Amino acid sequence: MLALADFAEKSHNDRRQVEFRITISYITFLVLALYQVIKPRTAELDLDVYWWVIGIASFVLLLTHICYCWWQRTFHIASNNDVRRRDFYLKKAECIAYYMSQNPDSNFIPSSTRKVLINLGAGKSTELTEHQLFKEKEPDIFIRSKGTGTSLPKWSVYSLLPLSASTTLLILLIVTLVLKKVHC
């Protein structure tokens, strides 16, 4: 049980590191693109060519952003599943360790009255009896491809921060592209 909980914890930490790197890279790309748009140019493009460039660049940026948002949602689901796996197996290991520390020679029988709190991720938790916990064979996770498991996890403030920052930068970039040529 501890090995499974440790594996889920390691997966969660690895996933968070990858998410951080991708988010920082994407936001850096948007900031650098915004800088390139804002800095003064010596050569000017023809007005018709400029609007074609803005249209194509905006389309590519929006498509990239939609892919990024989709990836963030998929990441959020996988991260919640890691948290649920970790806590599920950790609680089982804690129950077994508690009873073995009380009486190492007795057989383990989960209590139907003693409650345990299971972390469901995204700030949610549920309370089960030990008997209910051990009756479950695996944690309640969401599997998108099968549409099975628990309901789709809600967005948390932590997961919305990268999306709001990148969306704000993207809107600012596109508006700056349009306004720069309109005011010239």
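Is arginine 114 buried, exposed or partly exposed? In this predicted model, arginine 114 has a relative accessible area of 33% and is therefore partly exposed, since that class lies between the cut-offs of under 20% for buried and over 50% for exposed.

In soluble globular proteins, nonpolar side chains tend to be buried together. Here the largest nonpolar core has 15 residues, and the members that touch the most others are Leu30, Leu61, Leu170, Leu173 and Leu177. Two or more residues of this core come from each of the helices α1 (2-38), α2 (47-102) and α4 (157-182), and α4 supplies the largest share, with six residues. Leucine 61 gives a local view of this packing: when residues up to four places away in sequence are left aside, it touches Tyr26, Phe29, Leu30, Leu170 and Leu173. Apart from this core lies another one, made up of eight residues that include Tyr89, Cys95, Val116 and Leu133.

Side chains of opposite charge can pair when their charged atoms come close, and the structure holds six salt bridges. In one of them, glutamate 9 pairs with arginine 86, with 2.9 Å between the closest N and O atoms. Because glutamate 9 belongs to helix α1 and arginine 86 to helix α2, this pair ties together parts that stand 77 residues apart in sequence. Glutamate 9 is partly exposed, at 24% relative accessibility, whereas arginine 86, at 18%, is buried.

Aspartate 82 is buried, with 3% relative accessibility, while arginine 85 is partly exposed, with 29%.

Since glutamate 130 lies in helix α3 (residues 130-135) and arginine 114 in the loop between α2 and β1 (115-121), the pair ties together parts that are 16 residues apart in sequence. Glutamate 130 is buried, with a relative accessible area of 0%, and arginine 114, as stated at the outset, is partly exposed. Beyond such pairs, salt bridges with shared partners join Arg15, Asp82 and Arg85 into one network.

Conventions:
Residues are numbered from 1 along each chain as its sequence is written. This is a predicted model: local features need pLDDT of at least 70, side-chain atom pairs count only at pLDDT 80 or more; totals for chains, interfaces and linings use all residues. Side-chain values use heavy atoms; hydrogens and water are left out. A nonpolar core is a set of buried Ala, Val, Leu, Ile, Met, Phe, Trp, Tyr and Cys residues joined through side-chain atoms within 4.5 Å. Buried means under 20% relative accessible area, exposed over 50%, partly exposed in between (1.4 Å probe, protein chains only). Helices (H or I, at least four residues) and strands (E, at least two) are DSSP runs, numbered from the N terminus. Contact means heavy atoms within 4.5 Å. A salt bridge is a side-chain nitrogen of Lys or Arg within 4 Å of a carboxyl oxygen of Asp or Glu.
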